[in-house]
Amino acid sequence: MIPEIGHFALALALALSLAQAAVGLIGAQRADARLMGAAAPLAAGVLVAVAAAFACLVWAYVANDTTVLNVVQNSHSAKPMLYKVSGAWGNHEGSMLLWVLILALCGGAVAAFGTNLPSALQARVLGVLALVALGFLGFILGTSNPFERIWPPPMDGQGLNPILQDPGLAFHPPLLYLGYVGFAVTYAFAVAALIEGRVDAAWGRWVRPWALAAWSFLTLGIALGSWWAYYELGWGGYWFWDPVENASLMPWLAGCALLHSAIVVEKREALKTWTVFLALLAFGMSLLGTFLVRSGVLNSVHAFANDPERGTVILILLALYIGGGFLLFAWRAQAMLPTGVFTPVSREGSLVLNNLLLCSIAAVVLVGTLYPMFADLVLKEKFSVGPPFFNTAILPLAVPLIGAMALGPVLPWKRARLFPALQRLWWAALAGLAALALCLMIEGQRVGPALGFGAAAWVILAAVADIADRIALFSRPRAAWARAKGLPRAAWGGATAHAGMGVMILGLAGMGLATDTLRLVKPGETVALAGLDYRLVSVVDAPGPNFSARRATVEVRDGGTLVTVLQPERRSFPQGRMTTTEAAIHTTWLSDLYVVLGEERDGGAVLRIHNNPLAPWIWLGGAIMALGGGLSLSDRRMRVSAPAAKPVKAGARA
Amino acid sequence: MTRKKRRLWLLLLCALGLGSATALTLTAFQDNLVFFRSPSDIAREAPQPDRAFRLGGLVETGSVVRETAPDGKPEARFRVTDGAHGVSVTYVGVLPDLFREGQGVVTLGKLGPDGTFRASEVLARHDETYMPPEVADALKKSGHWNPNQGAAPPAATWNTLEPASAQPRRGS
């Protein structure tokens, strides 16, 4: 019964979305206040309906209702409760439902908090959001119904892919989707602006928080996914330039460019067309990501279903939304005249540079991801591009980007001179060069990591210098505290996010110095790596709730003192007959000691041991970046209504 | 600065950005494209000795030998076959959990002068019934498997059967 209610709620949401799209777009076109006023309650209705459908699916998973095909294929009664719940979105149908739920949440938020928007703009935004929801609800009902029944019901489900049974992965898809779908809102704003032919500071003030929120969630989602890959897949790496990872990196890059150029729209009313373009692009990249991951063109843990029909439908949706958006852009973009004027060397100029570099990187990632697929389909040539391609193509673009990202925030708006700005950052530059030189001295000819350490010092210290400068820490230290409290949160947020990027670069540079070794050892034998001794004590059986495992005990000693005891495992899951490796990781924050248990033979076991310097700082940096986004979001200016563009106070910039 | 001049600047910058991105992509492609080769491809045309490529096929049944190198590192030797031809592979490292004889595998590495493929990576992900698409393609090309007629034949039979008799080919 409950699955039918869920199915019905989905169909209801489809009908309500249709109504919402119609009253929003037609009402705004006819300037009919009654029609426009109906869009917001309809958005609330869609949210309630989709939430009900999602709740029904979660119920089916929690109750392990084996008459539902989706549950049978992806769940099992022996699974821990957390994974029963997260299993609801750990599959194609459920994850698409989650996608629509988050879209409905965004629609509800625009309806609830958008009361201070011009009513025509709000109605159009809601109308466009409903159009997007319409497509995806139709997709779910037409090709991937999560509530499909199966009769007779089997005794139990087939289980969830064991490598997905992990707390990190339980939260990775929702976070990533919050990011992807958040860009649907900026897309809706961009389309609404194109229909109206008007972009002003108020528009920028609305788009920016959404771009910021979406970007922050996406940052967290990517960081979580990367961390999961690091500890769960047991390869010792954190980023593999896998197409699935690239699919999430592309919207992140475009969104990063968008939230920076939205600053320029908000403050200076310049770069309007460009910002609208980026808003379309960011959502386009999100849809492309969804297509790549969900259609089955890629083979990975993410491709739950290899159903060509589904891929085709997502591709059609992608073409409709993105093609439509860009057509509208080509037709209407001329209507938006820029008003703010600036010279190349200025805050605006640096943000333009940021946009260009970020978009260039996104373009490189796009080509590297799609070209092998294209070549396979069209040229019948099979090849792949791996990390070396991305590293050589992206590094030359990342170096100027990182150089400029420290400099940008200290440049004044409109017109600036480079030398005074550099003067304010001289100690950050000095520290960066020192870090680079130091690394070269200690580690020898390792250019990549040395550059990384230099860049990290430069970016982090420049962010500190920027804040110190704004609160006049050195010139008037007594007033600094008062000034710090008065400084807008957006300024803190910007500096925090930039510093977070620096912290991440620090981690990446450290990982560039990672070492590993591989050895077949018998109990009692010792392996040395990076000044530590790893002694295999024993390998024993260790049963788990829905798996059996072999667990090794490894003592790590520094000279005579015991540092830690690590217990890596190999787990075999009877459902699906899969084996997974559980790496054991001990972090000292300066370094991760990472041990993986391999096969056992000849009375011994294969141990793979990694020493990963500064590894945790990669994900910590990501978290700090997201925190910076959150700080920026909590800025008072983001919350107050901004009907007209007000002159910006000198101290209040982000 | 006039609007015209500014637009010119912007266009120039855009062209510069896109141009350098294109140039970087193309040069990086030139050096870093990793081609996929089946054992039959290698038999037909020897690849460049210093260039990494991906070799894929089925792990020949009975060919897997695990030993320990003098420095204590575990080493595995096996043959990768697509039915018509086979290539010997050596790999120093931990074989993936799903590495089995008779199963589809993709390896990354370089071909040595002695004709042995030295793999730096062995990919055998996914579940037991999964067949890497490249491997499936190579098997189809060598005439050993028509996916419409069910799962891939067991690897043990691959080198003893003639390609023509292995599968009655229909309409190809």
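Predicted model: local features only at pLDDT ≥ 70, side-chain atom pairs only at ≥ 80, totals over all residues.
Figure 1. Chain A contains 20 helices and eleven strands. Its C-alpha atoms occupy a box of roughly 80 × 75 × 55 Å along the principal axes. The radius of gyration of chain A is 26 Å, which agrees with the value near 26 Å for a compact globule of 654 residues. Of these 654 residues, 55% are buried. Among contacts in chain A with a separation of 6 or more, 75% link residues 24 or more positions apart. The chain is divided into domain 1 (1-164), domain 2 (166-410), domain 3 (425-513) and domain 4 (515-613). The C-alpha centres of domain 3 and domain 4 of chain A are 36 Å apart.

Figure 2. Just after α9(A), E269(A) adopts a positive phi of about 50°. Helix α10(A) comprises residues 272-294 and has 23 residues. From first to last C-alpha, α10(A) reaches 33 Å, close to the 33 Å expected at 1.5 Å a residue. Because 22 of the 23 residues of α10(A) are buried, this helix is largely enclosed by the rest of the structure.

**Figure 3. Secondary structure of chain B.** Chain B has four helices and seven strands. Along the sequence, these elements follow the pattern α-β-α-β-β-β-β-β-β-α-α. Of the 172 residues in chain B, 33% are buried. Residues 24 or more positions apart supply 56% of the contacts in chain B with a separation of 6 or more.

**Figure 4. Strand β2 of chain B and its partners.** Strand β2(B) spans residues 53-59; seven of its seven residues are buried, so the strand is largely enclosed by the rest of the structure. Strands β1(B) and β2(B) run parallel and are joined by two bridges. Here, F36(B) has R54(B) in β2(B) as its bridge partner. Strand β6(B), residues 104-111, runs antiparallel to β2(B) and is joined to it by six bridges. In this pairing, G57(B) stands opposite V105(B) of β6(B). Strand β4(B), residues 74-81, also pairs with β2(B) in the antiparallel sense, over two bridges. V59(B) is placed opposite V80(B) of β4(B).

**Figure 5. Contact between chains A and B.** The contact involves 36 residues from chain A and 33 residues from chain B. On the side of chain B that touches chain A, the elements giving two or more residues are α1 (3-32), β1 (33-37), β3 (65-68) and α3 (133-141) of chain B. Helix α1(B) gives the most to this side, with 14 residues. The residues on this side of chain B comprise 18 nonpolar, seven polar and eight charged.

**Figure 6. Strand pairing across the two chains.** Strand β1 of chain A, residues 383-385, pairs with β1(B) in the antiparallel sense over three bridges. Within this pairing, V385(A) stands opposite L33(B) of β1(B). Strand β1(B) is also joined, in parallel, to β2(B).

Note on methods:
Residues numbered from 1 in each chain as written. Chains lettered and ligands numbered in written order. Expected span 1.5 Å × (residues − 1). Buried ≥ 20, exposed ≤ 12 C-beta atoms within 10 Å, placed from the backbone. Contact = placed C-beta atoms within 7 Å. Nonpolar A, V, L, I, M, F, W, Y, C, P; charged D, E, K, R; others polar. Pairing = 2+ DSSP bridges. Rg over C-alpha atoms; globule rule 2.2 N^0.38 Å. Domains from an automatic or database assignment.
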